[in-house]
Amino acid sequence: MDEKRLLDPGLKVHKGLWDYALKNPQTECLRTSSYSQQGYGCESKLYSLDHGHEKPQDKKKRTSGLATLKKKFIKRRKSNRSADHAKQMRELLSGWDVRDVNALVEEYEGTSALKELSLQASLARPEARTLQKDMADLYEYKYCTDVDLIFQETCFPVHRAILAARCPFFKTLLSSSPEYGAEIIMDINTAGIDMPMFSALLHYLYTGEFGMEDSRFQNVDILVQLSEEFGTPNSLDVDMRGLFDYMCYYDVVLSFSSDSELVEAFGGNQNCLDEELKAHKAVISARSPFFRNLLQRRIRTGEEITDRTLRTPTRIILDESIIPKKYAKVILHCMYTDVVDLSVLHCSPSVGSLSEVQALVAGKPNMTRAEEAMELYHIALFLEFNMLAQGMKF
């Protein structure tokens, strides 16, 4: 057989393969099927050794199956990308009245405008300080401390209520020295505790996280010894909620009065103590610059010394025309927990305020929940308590 006949187009053999076969006759790179008597007809086939004994029809089925699957995926992607939303809306609104369609359009436009307004307000709004950040500042700047811990000849001014609520060790230790401004010498049995590490431990009790990077805090043995001596505190949120519920070691009470009764209230009417709300100077001064400035002014004027000498809680008189009493519990709850809970406004008739009584006498209807939220928002701005103000966002 000559080369010209073998290169007949009916075989569809690439010339390069044929040249390779001529040069390497010992290599069986091509295998053909049985030929017909008429020569190389249309039944002649070319098989590659790479596919073994795969039949042509099997290869064709496999290829066509993959192609069909690929077309289905492409069709599905195109249908997802190019959904005819206009058609869907026409089908939805085909039976609607024109006025209903206009109302829907106005609703969409109003929702879009509110979304944009909310986004712009969020960008312009300053970041609200969390309970953890304010407690960190409380430990660093020592607002309204009431007890001093002496460790390795170094004084650490702290807050009795915070440590007692967070740590069983300090709860027992501080109960033995109840007087204001007591100095307590620390005797720690755990080995390896130096002054920086002791400060980091106090920072942890205030914030729930260590304030320094120290490899010793990664040592499991030291952590086990500390937990055995000091106890294992709960999370900061849980302990602060417990402090709010039980008000252990409270040192301030909030009284409410109208303008005409301010003089009588400042005179110390003890009959209204049951109506006052207890709190801790440390917490309210840490969360609200308004209360912090008020308490620091009392220290400068000497009023705080009188309260310490008499061992009586400091009384703060609030004008109910500015801060109605019914909101006081919501404000305090947020200061201790970072949670705005409006349900306490109507949980008990005893939390009614003078403004409510005046509203009933004047024949004014009760405030809606939205009106209460707006009034509470303005109170939060007055107290400079951003967490509460941003919590009133609708």
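Which residue in S4 is the bridge partner of Val 147? Hi everyone, let's find out together. This is a predicted model, where local features need pLDDT of at least 70, side-chain atom pairs count only at pLDDT 80 or more, and totals for chains, interfaces and linings use all residues. Residues are numbered from 1 along each chain as its sequence is written, and side-chain values use heavy atoms, leaving out hydrogens and water.

Let's start with the sheet. Three strands form an open, mixed sheet in the order S4-S3-S5; strands here are DSSP runs of E with at least two residues, helices are runs of H or I with at least four, and both are numbered from the N terminus. Two strands pair if DSSP finds at least two bridges between them. At the edges sit S4 and S5 (182-185), each pairing on one side only. From one strand to the next, the twist averages 25°, with axes fitted to C-alpha atoms, for helices over the stretch in contact, and angles running from 0 to 180 degrees between N-to-C directions.

S3 and S4 are antiparallel partners over five bridges. And the answer to my opening: Val 147 has Val 158 as its bridge partner in S4. Helix H9 (residues 195-207) packs on the sheet and touches S3 and S4, contact being heavy atoms within 4.5 Å. The direction of H9 makes about 5° with that of S4.

Now, the loop between S3 (147-151) and S4 (154-158) holds Glu 153. Glu 153 is not a glycine, yet its phi is positive, about 60°.
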